[in-house]
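Trainee: I would like to go through this model and ask what stands behind each label.

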Amino acid sequence: MRFFKRNRKEVAADEREQFASAGAATGTTGQNPHSFASPLKPKSTETTEVYDIENIRNNPNTNLQVDEDYGLYIDGEPVYIVKQKRGYLSILFSLAQTIILIAMMIECSVAPMRINPMIGPYPDALSYWGAKNSYNILYDHEYWRLFTPILLHAGIFHLLCNISVQLDTGAFFEREWGSFIWLLVYLGSAAAGSILSVIVSPNTIGVGSSGSVCGLFGAKIAEAICRCRESTKTDAKELSHAILCEQFASTLCSVILILVFSFIPYVDWAAHVGGLLGGFLVGFMIFSLQIKTRRWKLGMFAIGVLTSFIFYGTGIYHMFQEVKGNVAQEMSDVCGYYQQFFDGYECRCMLENYQQNDGNAGGGN
């Protein structure tokens, strides 16, 4: 377990020297797996320091107290605990998304601004690489397309907007929750966003990790609800509760802004809303298990499971029973579909397929 101290004022010189000597005694650094950093957002009057917990624990001159799950004291000052030093999956996904966009733009060329104002590849290239395409999902049974859109982005602007949030707020949530919980929320939100997008916009191509990012915010709201009844009797618990309230308020503001900007052109608002709801439900199931009162834990978990089953089950049923017949057959030929709307549209990524089809058509005549 690593520890992270938030908003810690600049320590006195002798206190810094004390911690430095503790680390120097064993040659440890900030890379030690039992370390924590301080603070979350350093200000001009604050410093970021990395401490080794084992050295501090063994130092007779340091007063170390651990208070249950969310708090710790070092020399009387409360510390906020997180599970990881970095958001490893947030970094990994952002790196993969960047590499994939560059590869698409190299292989499939960059579309003119009149076709793709995000400065990115042609829409048929996005479908070829795994975008949400309702026809392929419902008729060709390519269900993996419910998840792969999070690895793709429409262009440079789209990518920068998403990974900036993913590497900032998303990475901190991963540090708090751990990579496994973060991944469950991220993928669950991706599926929910794609399902709702298929239902609402069956005849469009959808890409982007924004649905999953919205799901992370939804899970944070669920965590705040599940932890709202925690005790605040000690300073450590009060610190944890104050941080949670602050995160809840900032998350709520972020969600409102995201939803407002979700309705501008070229943005898939259904994926945002679906990801937000999916992340909330997945997070509700996960964080309800951390409630200390057994009755509340079982009750909240049962509500989360039932609501998630209804949400995902209804979405999948509606997608196959109601939406399937409304999907345009032209979506099976994405390049041909977009050539109807844009003069001079070029099929760069699927060019060999079209040449082969033209050859077969010529031979038949």
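Mentor: Of the 365 residues in the protein chain, 49% are buried. This is a predicted model, in which local features need pLDDT of at least 70, side-chain atom pairs count only at pLDDT 80 or more, and totals for chains, interfaces and linings use all residues. Residues are numbered from 1 along each chain as its sequence is written, and side-chain values use heavy atoms, with hydrogens and water left out.

Trainee: What makes Cys335 count as buried or exposed?

Mentor: Buried means under 20% relative accessible area, exposed over 50%, and partly exposed in between (1.4 Å probe, protein chains only). Cys335 has 0% relative accessibility, so it is buried. Cys347, at 11%, is buried too, whereas Cys161 is exposed because its relative accessible area is 51%.

Trainee: Why is the link of Cys335 and Cys347 called a disulfide?

Mentor: A disulfide is a pair of cysteine sulfur atoms within 2.5 Å. The sulfur atoms of Cys335 and Cys347 are 1.1 Å apart, and the two form a disulfide. Cys335 lies in helix α12 (residues 334-339) and Cys347 in the loop between α12 and α13 (351-364), so the pair ties together parts 12 residues apart in sequence. Helices are DSSP runs of H or I with at least four residues, numbered from the N terminus.

Trainee: How do you know that α8 is largely enclosed?

Mentor: Because 16 of its 17 residues are buried, helix α8 is largely enclosed by the rest of the structure.

Trainee: And why is Leu160 called partly exposed?

Mentor: Leu160 has 47% relative accessibility, so it counts as partly exposed. Leu160 is found in helix α6 (residues 156-177).

Key
Helix = DSSP H or I, 4+ residues; strand = E, 2+ residues; numbered from the N terminus.
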